[in-house]
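Look at the sequence and the model below before reading on.

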Amino acid sequence: MPSKTEKLLSLLNGQPVIPVLKIANVADAVPLARALARGGLPAIEITLRTADALEAIRLVASEVEDAIVGAGTILDARQFGEAAAAGSKFIVSPGITGELLAAAKDSDVPLLPGAITPGEIMAAREAGLRFLKFFPAEQSGGIASLKAFASPLADVQFCPTGGITGKNAADYLSLPNVICVGGSWVAPDDLVKAGRWDEIEALARAASKLGR
């Protein structure tokens, strides 16, 4: 049986950029997910930072066949359960807690928890996780920190998120312990509000080629 880490990596399937989305208007969720998938970024993270986030996840999970929708900003076991029930294929958290690890252990849905210190990374590793979110990346030492982790924590890989842009994403992706990056630049608020899906598709297409 594949590990949760292997399951998560197979879902992301070599995608260099995971769009991190804050859905202000639930009507935008489906066309946005479709535009990103057409551009080569089918795996997306919809954050639970808005009132309609769970409904947005439900809609994308049921209506966008090409999308692989995950839930972000999950803070506790209740939110984990709600996001999984809404159709999330993976769960992303800004940090790591015993409650979240327990919820993940009892679920088929894999968890990508945030970790920035050696202790947090070791705690996640102890729980069997080898793929972690590094958040907030730029504010936590960024590339220099990840380079420093590469040797003592050689079997742990990361998805840096927080301050990642189209300008620095390739630098992060060049690191041997970085699998992908998370960022919102592929779906700018102004383009989403204006429904400029073709432009978002073009941004996604450019991002899908990073690090290759």
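Which residues line the second largest pocket? The model is a predicted one, and in it the lining consists of Lys4, Leu101, Ala104, Lys105, Val109, Pro110, Leu111, Ala127, Gly128 and Leu129. The space in this second largest pocket comes to about 160 Å³. Helix H5, which covers residues 98–105, gives the most to the lining, with three residues. Sorted by class, the lining of this pocket has seven nonpolar residues, one polar residue and two charged residues.

The largest pocket holds about 500 Å³ of space. It is lined by 23 residues, and the closest to its centre are Val20, Leu21, Lys22, Ser184 and Asp189. Three elements each supply at least two residues of this lining: strand E1 (17–21), strand E8 (181–183) and helix H9 (189–193). Of the elements, H9 provides the largest share, three residues. By class, the lining of the largest pocket divides into nine nonpolar, eight polar and six charged residues.

Strands E1 and E8 also belong to a sheet. This is an open sheet of six strands, paired in parallel, in the order E5-E4-E3-E2-E1-E8. Which strands form its edges? They are strand E5 (111–113) and E8, each of which pairs on one side only. From one strand to the next, the twist averages 25 degrees. As background, strands of a sheet pair through backbone hydrogen bonds, and the pairing is either parallel or antiparallel.

Another parallel pair is made by E6 and strand E7 (residues 157–160), with four bridges between them. In this pair, Leu132 stands opposite Phe158 in E7. To get from E6 to E7, the chain passes through helix H7 (residues 142–149), and this β-α-β crossover is right-handed. In which directions do the residues of strand E6 (residues 131–134) point? Phe131 and Lys133 point one way, while Leu132 and Phe134 point the other way. In a regular strand the side chains alternate between the two faces of the sheet. Both sets of residues in E6 are buried.

Lys133 turns up again in the lining of a cavity. The count of cavities of 30 Å³ or more comes to one, and the space in the largest cavity is about 70 Å³. Its lining is made of Leu12, Ile18, Val20, Glu45, Phe90, Val92, Leu112, Lys133, Cys159, Thr161, Cys180 and Gly182. E1 and E4 each supply at least two residues of that lining. By class, the cavity lining has eight nonpolar, two polar and two charged residues.

A last stop is Glu82, found in helix H4 (residues 77–85). Is Glu82 buried, partly exposed or exposed? Its relative accessibility is 31%, so Glu82 counts as partly exposed, given that buried means under 20% and exposed means over 50%. Glu82 and Thr5 are 77 residues apart along the chain, and their C-alpha atoms are separated by 21 Å.

Notes:
Residues are numbered from 1 along each chain as its sequence is written. This is a predicted model: local features need pLDDT of at least 70, side-chain atom pairs count only at pLDDT 80 or more; totals for chains, interfaces and linings use all residues. Side-chain values use heavy atoms; hydrogens and water are left out. On a 1 Å grid over the protein atoms alone, a cavity is a set of points where a 1.4 Å probe fits but cannot get out, and a pocket is an open set with protein on both sides within 12 Å along at least five of seven lines; lining residues have an atom within 4 Å of a point. Grid points are joined across faces, edges and corners, and a volume is the space filled by probe spheres set on the points. Ala, Val, Leu, Ile, Met, Phe, Trp, Tyr, Cys and Pro count as nonpolar, Asp, Glu, Lys and Arg as charged, and the others, Gly among them, as polar. Two strands pair if DSSP finds at least two bridges between them. Axes are lines fitted to C-alpha atoms, for helices over the stretch in contact, and angles run from 0 to 180 degrees between N-to-C directions. Buried means under 20% relative accessible area, exposed over 50%, partly exposed in between (1.4 Å probe, protein chains only). A crossover is right-handed if, with the strands pointing away from the viewer, the path from the first strand over the helix to the second runs clockwise.
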